[in-house]
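Trainee: I would like to learn how to read a structure like this one, feature by feature. Could you give me the general idea each time and then the case at hand?

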Amino acid sequence: MIRLDTGAVREIALLAAHCDDLAIGLGGTLLTLANTVPGLRVRALVLTGAGTERVQEEQRALEAFCPGAELELRILDIPDGYAPAHWARAKEAVAALRRDGAADLVFAPHRGDAHQDHRLVAELTPTEFRDQLVLGYEILKWETDTPRPTVFHPLPEGIAERKAELLMKHYPSQRDRDWFDEESFLGLTRLRGVQCRARHAEGFLLDKATITFGGV
């Protein structure tokens, strides 16, 4: 099994279409990075939700998922479900996130996501973040678009349970959805754990990476 050392990570960029996408897709990874990287800088962009109750949910949730980190969150008011119709605005927001920071690692939805808003973010991210490692996260939902991850992050003991707990605590607006429960979230992390010989894990997709063997 190949292992990637991310010890040099000091700043991460997070891109999402909706409030709660980030916590669902990589909440355990965020908790792990925040707990192991002193002074971690987290810069997040969410395309939809501004002007609604979801702004407060997302702010409080990301603060809980990134304890001790320097967090910057920008939420736009692009209509939910219509992000492709606002391509230019979304593109500029992604470009601004790249220009205004120095991300070592980037997280965005994966390209095969069935939701059009998620897919737009996935397509725009590599057009701006060309020199960073971009990992595509999966968002549990009712569509049958569950991907085949190529990168796994085994979660430390207790992190998967903490992720599920924080999701239920900080997103009360989503509790009426039949799939939004601790059993669903833990079921997926357990499955990804099986696939990388761990108890729980989060899975990601990688389109492209550059490696060196000391010759450059």
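Mentor: Let us begin with burial, for which a cut-off is needed: a residue counts as buried under 20% relative accessible area and as exposed over 50%. Please keep in mind throughout that this is a predicted model.

Trainee: Is Asp20 buried or exposed by that cut-off?

Mentor: Asp20 has a relative accessibility of 5%, and therefore it counts as buried. Asp20 lies in the loop that connects E1 and H1.

Trainee: What should I look for in the backbone of such a loop residue?

Mentor: Most residues other than glycine have a negative phi. Asp20, although not a glycine, has a positive phi of about 95°. Arg197 is another residue other than glycine with a positive phi, in this case near 60°, and its place is in the loop between H6 and E7. With a relative accessible area of 83%, Arg197 is exposed, whereas Asp20 is buried.

Trainee: Turning to the strands, which way do the side chains of E1 point?

Mentor: In a regular strand the side chains alternate between the two faces of the sheet. In E1, Glu11, Ala13 and Leu15 point one way, while Ile12, Leu14 and Ala16 point the other way, and all of them are buried. Because 6 of the 6 residues of E1, which spans residues 11-16, are buried, the strand is largely enclosed by the rest of the structure.

Trainee: Which strands pair with E1, and in what sense?

Mentor: E1 pairs with E2 (residues 41-46) in the parallel sense over 6 bridges, and Leu14 has Ala44 of E2 as its bridge partner. E1 also runs parallel to E4 (residues 105-109), to which 3 bridges join it, with Val106 of E4 as the bridge partner of Ala13. Between E1 and E2 comes H1 (residues 21-36), and E1, H1 and E2 together make a right-handed β-α-β unit.

Trainee: What is the order of the strands in the sheet, and which strands stand at its edges?

Mentor: The sheet is open, has 7 strands in the order E3-E2-E1-E4-E5-E7-E6, and shows mixed pairing. E3 (70-75) and E6 (151-154) stand at the edges, and since each has a single partner strand, one side of each is left without a neighbour in the sheet. Neighbouring strands are turned against each other by 25° on average, with direction ignored.

Trainee: How is the packing of two helices described?

Mentor: Two packed helices are described by the angle between their axes and the distance between the axes. For H5 (residues 159-170) and H6 (residues 182-194), the angle is about 150° and the axes are 9 Å apart; angles over 145 degrees count as roughly antiparallel, and H5 and H6 are therefore roughly antiparallel to each other. The contact includes Ala160, Ala164 and Leu167 of H5 as well as Phe185 and Leu186 of H6, and the crossing of H5 and H6 is right-handed.

Trainee: At what angle does H1 pack against H5?

Mentor: H1 and H5 pack at about 120°, with their axes 9 Å apart, which makes H1 oblique to H5. The contact involves, among others, Ile24, Gly28 and Leu31 of H1 and Ile159, Leu166 and Leu167 of H5. H1 passes H5 in a right-handed crossing.

Methods:
Residues numbered from 1 in each chain as written. Predicted model: local features only at pLDDT ≥ 70, side-chain atom pairs only at ≥ 80, totals over all residues. Heavy atoms only, no water. Buried < 20%, exposed > 50% of the residue type's maximum accessible area, 1.4 Å probe, protein only. Helix = DSSP H or I, 4+ residues; strand = E, 2+ residues; numbered from the N terminus. Pairing = 2+ DSSP bridges. Right-handed = clockwise from strand over helix to strand, strands pointing away. Axes fitted to C-alpha atoms, helices over the stretch in contact; angles between N-to-C directions. Parallel < 35°, antiparallel > 145°, perpendicular 65-115°, else oblique. Left-handed = near helix turned anticlockwise from the far one by under 90°. Contact = heavy atoms within 4.5 Å.
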